[in-house]
Every structure is written in C-alpha cells, then in structure tokens.
Amino acid sequence: MAKVKITDTTMRDGHQSLLATRMKTEHILPILEKHDAAGFHSLEVWGGATFDTCMRFCGDDPWERLRVIKRHVKTPTQMLLRSQNVVGYRHYADDVLVEFIKKAVVNGMDIFRIFDALNDIRNMEKSIETVIKEGGQAQGTVCYAISPVHNLEYYVKMARELEGLGCHSICIKDMAGIIAPYIVYDIVKAMKDAGIKIPIQLHCHYTSGMGAMAYLKAVEAGCDIIDCAISTMANQTSQPAIETMTATFRGTEWDPGMDLKLLTEIADYWKEVRSQYAEFDLSSKWPDANILLSQVPGGMMSNFLSQLQQQNALHRLPEVLEEMPRVQEDFGWPPLVTPSSQIVGTQAVMNVLFGRYKICTNEVKLYMRGYYGRPPAPINEEARKQIIGDEQPITVRPADLLEPELPKAREMCGAVMEKEEDIISCALYPQVAPKFLEDRMAKKLKIDLELAKQGSEFYPV
C-alpha cells in the first residue's frame, strides 16, 4: 500500500460549490506558494463553471488566470473538462474542443478530468485522444448514479474501457454527495480486483455528510487519490476537508505526510477571503438528509421550488420527487449531472403540472433524438414516441454532425481579439465573451490614455 495522495479543489470546486464560482484571480494569487509547498498531488484551479464566470462576473480573463497560476506553482495543475461540452453546456464541434485542449496545455494545464453527463464514452474519446496527443494527462471519469443499471459490473466495464483508451487515471465522480462508504469500497475493490492498473481517484461532495467516511473506506479498498478542499472552504456542498483527512490517515500506511501547521495557515487565509464573498455564501450549513431519500442535488431542488412557485404549485413538490425517478427511467437512467439533471428535472415538473410528456422542452426533444449521446440504459420507446413522434434518433456520435465553429468565432471577435485564445472563448460563449473582450480593450485604452497624459506633463511636446 502507498500513501494516499490529495488533490486540492479549493480554487475550483471549493468556491464553485460554496460561493457561486465568484472567486477572483486577485484572491487566488497571494496564497499559491503555500498551496504549492503543501505537497498536493495536484491543484484543481480551472474548468467547470470557472471559465464562464471569470468573464461573466469577475472581469477576469480565464486564460490569463491559468497562465498566472502556472507561473507560481510547480504542483501539477488540474481542470474539469465536460468532454464534448468542453466548459460549456452543449456539444461543440471538434475544432473547438481540440483547439481548447491545445491552448490549455500551452498555457499550463497538466491534468484533464474528462467526464460525460451520460457516461457515453463516445463523447469522451476525442478529448482523451487530444489530451494524450498534446502531452497532458487524461483522467477518464465514471459518473456515479443510483439506479438498476449502475452496478459493479457497469462501473468496472467503464473503467476498463477508459483504461483501454489510454487514460492515465480513473476518477469516480460523486457529484451529488450520495455515495455510501461501503458502496464505494465495493466499487474501488471491484476495479482493483478486475486488474485496473492506473490510479483510481475519488471525488465526493459533503452534501449528505458521508464524504469523509466514503474517502476512508475507498482508501482502505485501494483508492489512490482523494479530492479535498482546505477546511475553511470545505464540507457543506464542497469536498471533505484536507486537514480532517490528513489527520485521519496520520500514522497509518496511507499517511499523506502533510504539515497540519502549514495547512492551518492556508485555512486562515481562505477564512478571511471567504468573508468577502458573503453575498454568495448561501450553501446549506448542515448535511442535507433529504438528498439521501430523493437523490436530488441541492441545485436541482432549488430549481424545483422556483418552477413550482411560479405556478403557485409548491404543494406539489412531493409529486415531482415521485415523478423524477420515473422520468429518469424513461430517459435511460442518465446520471444527474449537468446538463442531464436539468433536462430530467424540468421534465418531471412539467409532467406533474401539465400531464406526462404533454409539454416538453427543446432540450428534452434533442435528448430523445440522440443529440446528447447514448444513455446508460435503453430509452422507453413509448415515451420517446410521445415526445418526438416517429422521428428516428441519430445513432452516431453527436459531434460528428457539427460543422466547424472556429471560423465564425474568429469573425465575431476580430475587432477586439488580442490572442488566439480569444477565438475559443467566443466559440464557447458567444453571448458573454465578445462583451468581455470589448470591456478589456476599453480598459486598456483608458490606461494608455492616462499614461500618455502623464507622459505629456513630464515631457511637453
């Protein structure tokens, strides 16, 4: 047995889970050297929702954030990549995906955690292939779900396929915080017993209060790496605390050997920074026992309440929670992670309010046509026919039907473009990136004018 390694999620999933992903680059930089000195396996600093929110809310260039972080650390950097969704909410053409990965590697990204909302490996293949080709580390992800088809054989089969594609490691992703300690023990042990040679990493949220116990049992079963956040940015809907897990394994064969004094200094820094984001710090202060019954993540629950409130139908929430698994079964038991969670959840609300599949969103229709990929189990054909009639769903990888998107993005940002990465930003977020680039240019022009004005005072022409 080797010591357990820890990935620090404080600077990505930590603040995404607790502070609505509002962390600014200026608050990350001062503490980087201490994070770097702590001895983490990797620092998760990019990807997920951070790319969008950097531009939309923080006024930060996401590419510049990555470059600056990389200049300050030697510890491998890590990001969350939504496979063909890249860091957005729909499938993008291969030219966008490939160029994004190329530029991410050039700007300093080392490890790419690649997942697909449906666990459809076809949607992950291009990402994995490109990361490996560009010299990055590809981590193939298995999204955890509770259903009749998500059993040990399912998880082991997927892990084998990902290892066969050349992935450097496997991540078991418990995005809702619902994996039980003895269940994850069995999954990790089954993967190890099946001969999986590459490292296995576990990602849990603390939402249900089981996260730290899940890590303990997973490590006992042979899990190599666990995701944790510094204590003052941990627990609640974030990950278990680094210090807690360090102390848990101290003196054992899995001891990560981290300095609790240094970790306390890092925690003190983030405690102060977190206080500056109080308006966004709205996550539940206690474990959510309800999720153990409904399996509905907190974000989905708040959406349910909002949708029902708009229809003066809050009293029908119990019906929606009963309808959820029925819709999930009709849709082929997709894991409840972005965007499948929103697709399934919204349809459950509509079914309760208006009748089963009487009204469907465009996303649901696209899902039934196969444009999100292939779900873990067959779709209920009666439900499909009710939603899209006699239309035949596609059977190819959805991205195979997409035309290249970079040429149009280049035209869109031509006047305000400073670097090639700006084109990718516009391709991913055409409603957000152009305005960000315009504002960035305006700020620089203002600074140049101020400098010119100061110069003319000292050096009259």
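**Figure 1. Charged side chains over aromatic rings.** A charge is taken to sit over a ring if NZ of Lys or CZ of Arg is within 6 Å of the ring centre and within 35 degrees of the ring normal. In this predicted model, Arg-22 provides one such case, lying over the face of Phe-57 at 3.7 Å from the ring centre. Another is found at Tyr-185, where the charged end of Lys-217 sits over the ring, 5.2 Å from its centre.

Figure 2. A pair of aromatic rings is described by the distance of the centres and the angle of the planes. The structure holds 14 aromatic pairs, among them the pair made by Tyr-154 and Tyr-155, whose ring centres are 5.5 Å apart and whose planes stand at 85°, so that this pair is edge-to-face. Both of these tyrosines, Tyr-154 and Tyr-155, are buried. Elsewhere, one aromatic cluster is formed by Trp-46, Phe-51, Trp-63 and Phe-100.

**Figure 3. The largest cavity and its lining.** The structure holds two cavities of 30 Å³ or more, and the largest of them, shown here, has a volume of about 100 Å³. Its lining is made up of 14 residues, and those that lie nearest the centre of the cavity are Asn-85, His-91, Asp-116, Ala-117 and Pro-339. Sorted by class, the residues lining the largest cavity comprise seven nonpolar, five polar and two charged ones.

**Figure 4. The second largest cavity.** This cavity holds about 90 Å³ of space. Its lining consists of Tyr-144, Ala-145, Ile-146, Met-175, Ala-176, Ile-178, Gln-295, Gln-328 and Leu-336. Divided by class, the lining of the second largest cavity has seven nonpolar and two polar residues, with no charged residue among them.

Figure 5. Most residues other than glycine have a negative phi, and most peptide bonds are trans. The bond that joins Thr-338 and Pro-339, however, is a cis peptide bond, with omega at about 0°. Pro-339 belongs to the loop between helix 15 (317–330) and helix 16 (340–354), and Pro-339 is also one of the residues that lie nearest the centre of the largest cavity.

**Figure 6. Two residues with positive phi.** Gln-236, a residue other than glycine, has a positive phi, near 50°. The loop that contains Gln-236 runs between strand 8 (225–228) and helix 11 (242–249), and Gln-236 has a relative accessible area of 16%, so the residue counts as buried, the limit being under 20%. Tyr-357, which is not a glycine either, has a positive phi of about 60°. Tyr-357 is placed in the loop between helix 16 and helix 17 (362–368), and with a relative accessible area of 4% this tyrosine is buried.

Figure 7. Side chains of opposite charge can pair when their charged atoms come close. The structure holds 35 salt bridges, and three of them are described in this legend one after another.

In the salt bridge between the side chains of Arg-65 and Asp-60, the N to O distance is 3.2 Å. Arg-65 is buried, with a relative accessible area of 2%, and Asp-60 is buried too, with a relative accessible area of 15%.

The side chains of Arg-316 and Glu-319 also meet in a salt bridge, here with an N to O distance of 3.0 Å. Arg-316 counts as partly exposed at 23% relative accessibility, and Glu-319, with a relative accessible area of 35%, is likewise partly exposed.

In the salt bridge that Arg-397 forms with Asp-400, the closest N and O atoms are 2.9 Å apart. Arg-397 counts as buried at 12% relative accessibility, whereas Asp-400, at 48% relative accessibility, counts as partly exposed.

**Figure 8. A network of salt bridges.** The network of salt bridges links Asp-61, Glu-418, Lys-419, Asp-422, Arg-440 and Lys-444.

Key: Residues numbered from 1 in each chain as written. Predicted model: local features only at pLDDT ≥ 70, side-chain atom pairs only at ≥ 80, totals over all residues. Heavy atoms only, no water. Phe/Tyr/Trp six-rings, centres within 6.5 Å; stacked < 30°, edge-to-face > 60°. Buried < 20%, exposed > 50% of the residue type's maximum accessible area, 1.4 Å probe, protein only. 1 Å grid on protein atoms, 1.4 Å probe; cavity = no way out; pocket = protein on both sides within 12 Å on 5 of 7 lines; lining within 4 Å. Points joined across faces, edges and corners; volume = space filled by probe spheres on them. Nonpolar A, V, L, I, M, F, W, Y, C, P; charged D, E, K, R; others polar. Salt bridge = Lys/Arg side-chain N within 4 Å of Asp/Glu carboxyl O. Helix = DSSP H or I, 4+ residues; strand = E, 2+ residues; numbered from the N terminus.
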